[in-house]
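Please keep the model open as you read, and look up each residue when it is named.

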Amino acid sequence: MQLAKRISDLGTETAFAVAAEAKAHAAKGHKVYPFHLGDMNIPTPENIVQATFKAVRDGKTGYCPNHGVAELRELLAEDINRSHGTHYRMENVCIQPGGKPVIGKFLLALMNPGDEVLYPSPGYPIYESLIEFFGGKAVPYSWSEGADRFELDPRRLADAVTQRTRLLVLNDMHNPTGADCSEGELADIAELARKHNLFVLCDEAYFAIRYAGKSLSLASFPGMEERCVILYTFSKKYAMTGWRLGAAIGPKPLIEVIAKLSLNDESCSNHFIQYGAIEALTNGDESARQIVRTLRERRDKAVELLRSIDGVKCFEPRTTFYLFPNVTEAMSKLGVEDYEAFRRRVLERTGVSFCTRTHFCRPLPGESEKYIRLAYSGVNVEDIEKGLAELKKFLG
Ligand code: PLP
């Protein structure tokens, strides 16, 4: 078999490989603490489940329009307008099978081969993978360690812009660092986008997962609604990762292209679960708040325990369900330089499974500090206590 040449440019989400390794370790009878994947062990709220079953029984089992069910598009536009202060209508929304498909469709719609696209590294690995797969030039920018949070420096971002830069991928409320931008930083990024005529993918997968402060969107800034596509997802807000439902929200001509790509790709998103999503947007606020309360308890415990480990430095993020502790000292105390060796050794000795910086796009030249990423969305407080106690014992 001779595969197409382009396949060699396709990256992947290596966190899934870590998950498989952890599963194999567990199959040998070991206890595993699964901090590796941003999946959730919190059940989807019951009213959403019931509304979906009802839709199946009501016969919502055929194809639906490729843009999605009209009522859901309308509700989502209203919901986003309330939280973002935007002016979207149903025509600005295309329902998708998850938030992830918005990334590729945004790039296919706007990026020509050779165009430069700014993307975060560390960052969600699919950006780098798909920019390169579709023939673009992936230009990384970085979040750096400040006094009490990871910071995005808009001046450094501006330095990365060239004549060929067309697009910016912004994942404020950031996987893997848990960082979020200040209003001033977002205003500077908006200014940059307007000045250089950049279109922006606003990956807002974690917009609703917030413990302090207020989530802001780049799309809310003057002149930005016209040049942003919001990646929306039901996955995290309503604990629906496996349902695969999200949306692209943006300027109508772009949404039309995205809908056309959807038509070519999957015809439409799953029909009946869109009625579960209607229920989520209509009666799901309290469940969403409860999910955040559960995650906050986990965050507090995990941060407290990580901070008690010698050689580990950890910020307390205000958003997402990720921690990105600096383990430079812990690794050096152990005499391990290589990320994979460290990760495997910790898994084998403690059962604690996590990803490292290398799972979140190519490291930048000159990077010397070492980081791991822990997702606490799939580990309850009791196991956070047990797992991180094991980690402390081992690293101590
Ligand atoms: N964007 C970011 C930053 C993510 O971390 C994820 C999932 O982990 C997604 C997008 C995609 O989520 P989904 O496809 O489940 O909506």
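1. The largest pocket holds about 620 Å³ of space. A pocket here is an open set of points on a 1 Å grid over the protein atoms alone, with protein on both sides within 12 Å along at least five of seven lines, whereas a cavity is a set of points where a 1.4 Å probe fits but cannot get out; lining residues have an atom within 4 Å of a point. Grid points are joined across faces, edges and corners, and the volume is the space filled by probe spheres set on them.

2. Before going further, please note that this is a predicted model, in which local features need pLDDT of at least 70 and side-chain atom pairs count only at pLDDT 80 or more, while totals for chains, interfaces and linings use all residues. Residues are numbered from 1 along each chain as its sequence is written, and side-chain values use heavy atoms, with hydrogens and water left out.

3. Which residues lie nearest the centre of the largest pocket? They are F207, A208, I209, K237 and A288, out of 27 residues that line this pocket. At least two lining residues come from each of α3, β9 and α10, where helices (H or I, at least four residues) and strands (E, at least two) are DSSP runs numbered from the N terminus. The lining of the largest pocket divides into 13 nonpolar, five polar and nine charged residues; Ala, Val, Leu, Ile, Met, Phe, Trp, Tyr, Cys and Pro count as nonpolar, Asp, Glu, Lys and Arg as charged, and the others, Gly among them, as polar.

4. The second largest pocket has a volume of about 510 Å³. It is lined by 27 residues, and those closest to its centre are E13, G38, K100, Y124 and K236. Helices α1 (15-27) and α5 (125-133), together with β9, each give at least two residues to this lining, which by class has twelve nonpolar, eight polar and seven charged residues.

5. Helix α9 (residues 273-283) is mostly covered, since eight of its eleven residues are buried, that is, under 20% relative accessible area, with exposed meaning over 50% and partly exposed in between (1.4 Å probe, protein chains only). The cover over these buried residues includes α2 (46-57), α3 (70-84), β2 (93-96), β9 (228-233) and α10 (285-307), judged by contact, meaning heavy atoms within 4.5 Å.

6. Strand β10 (residues 246-249) is covered on both faces, with G246 and A248 buried on one side and A247 and I249 buried on the other. Two strands pair if DSSP finds at least two bridges between them; β10 pairs with β2 in the antiparallel sense over four bridges, and four bridges also join β9 to β10, again antiparallel. Among the partners, C94 is bridged to A248, and Y232 stands opposite A247.

7. The structure holds twelve aromatic pairs, meaning rings of Phe, Tyr and Trp (its six-membered ring) with centres within 6.5 Å, where planes under 30 degrees apart count as stacked, over 60 as edge-to-face and the rest as tilted. One of them is the edge-to-face pair of F150 and Y371, with 5.8 Å centre to centre and 65° between the planes. This pair links distant parts of the chain, 221 residues apart, and both F150 and Y371 are buried.
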